[in-house]
Amino acid sequence: MKDKPLAGQVAWVTGSSRGLGRVMATKLCQLGAAVAIHGTRFDSPRSFGEGESMEQVARDVAAEAGGEVMPVWGDVTDEAEVTRMTDAVQARLGPIDILVANAGGDIGAGGTGVGRGGRPSPDDCIGIPLADIRAVLDRNLLSCILCCRAVAPGMMTRKHGRIITIGSIAGTFGRDDGAIYAVAKAAVHEYTRCLAVQLRPYNIPVNCVAPGGTVTNRFLVIHNIDRGKLIEEGTLDRYGRPHEVASVVAFLASEEGRFISGQVIRVDGGSQCWPA
């Protein structure tokens, strides 16, 4: 069907209980994919007031998108948990055709309930506690690697699939605030390139979408907001909106994106205009 180009396909979007991931999952479902949404806990949507439970969010996304949605929850930094969730998705929906490795965030060892939405304090190269370093690296980089390792072999066997990782423009320049998050996202960018090379003979495009500042409930909590950049149109000198990131994810997951691989695509309104 022309208006459902992803009909018959299965997508798993990690970190989709809220924020950007939830909008990505909704978009893919609107295009016809059966979608597995994911959170760390059964009640992950409560963290920033975006729902009561994973089951409820799955029902809401299914109703909004008019498609099939299932919830899974578990720790994507734990290999056994990733395997369990991958098996659960495939047992119910079928082989995963589209993986969006979105789980991440500048969230330290204490989780989202600590400080400003979980941001480590201090959040620099030298003073950040070791536990927070490990938490940020694991949440962003290790989770991406583990999910790709779990899903890619099946795609390789079928010579079919798409992998989309979610990086950040933070991973493209030096900074003294949010430093370990920047390091983790830079590593996600490079892991994406390496995986793309490995999967090229298997007909599996692998790309990274790197958003700039994008308005979500957590974004509004953890950043000092420039109110003038909350405008939604008339200028590119503004914050992005989740649907603008989700549309790029959808393009890469579609047939139109079949010959693009190994790229880090910044979705930032042109705030960065230098070579990647």
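Where is lysine 159 found? The residue lies in the loop between helix 4 and strand 5 (162-166). Lysine 159 has a positive phi of about 55°, although it is not a glycine. Most residues other than glycine have a negative phi, and most peptide bonds are trans.

The model is predicted: local features need pLDDT of at least 70, side-chain atom pairs count only at pLDDT 80 or more, and totals for chains, interfaces and linings use all residues. Residues are numbered from 1 along each chain as its sequence is written, and side-chain values use heavy atoms, with hydrogens and water left out. Helices (H or I, at least four residues) and strands (E, at least two) are DSSP runs, numbered from the N terminus.

An open sheet contains 7 strands in the order 3-2-1-4-5-6-7. Their pairing is parallel; two strands pair if DSSP finds at least two bridges between them. Strand 3 (69-73) and strand 7 (264-267) stand at the edges. Each has a single partner strand, so one side of each is left without a neighbour in the sheet. Neighbouring strands of this sheet are turned by 20° against each other on average, direction ignored. Strand 1 (residues 10-13) and strand 2 (residues 34-39) pair in the parallel sense over 4 bridges. Valine 10 has alanine 34 in strand 2 as its bridge partner. Helix 2 (residues 54-65) packs on the sheet and touches strand 2 and strand 3 (contact means heavy atoms within 4.5 Å). The direction of helix 2 makes about 155° with that of strand 3. Axes are lines fitted to C-alpha atoms, for helices over the stretch in contact, and angles run from 0 to 180 degrees between N-to-C directions.

A search of the whole structure finds 2 aromatic pairs. Rings of Phe, Tyr and Trp (its six-membered ring) pair if their centres lie within 6.5 Å; planes under 30 degrees apart count as stacked, over 60 as edge-to-face and the rest as tilted. Phenylalanine 42 and tryptophan 73 form an edge-to-face pair, at 5.1 Å centre to centre and 75° between the planes. Phenylalanine 42 lies in the loop between strand 2 and helix 2, and tryptophan 73 in strand 3, so the pair ties together parts that are 31 residues apart in sequence.

The loop between strand 4 (98-101) and helix 4 (130-158) holds proline 122. The peptide bond from serine 121 to proline 122 is cis, with omega near -5°. Alanine 109 also lies in the loop between strand 4 and helix 4. Alanine 109 touches Ala131, Asp132 and Ala135, not counting residues up to four places away in sequence. Alanine 109 and glycine 49 are 60 residues apart in sequence and 21 Å apart in space, C-alpha to C-alpha.
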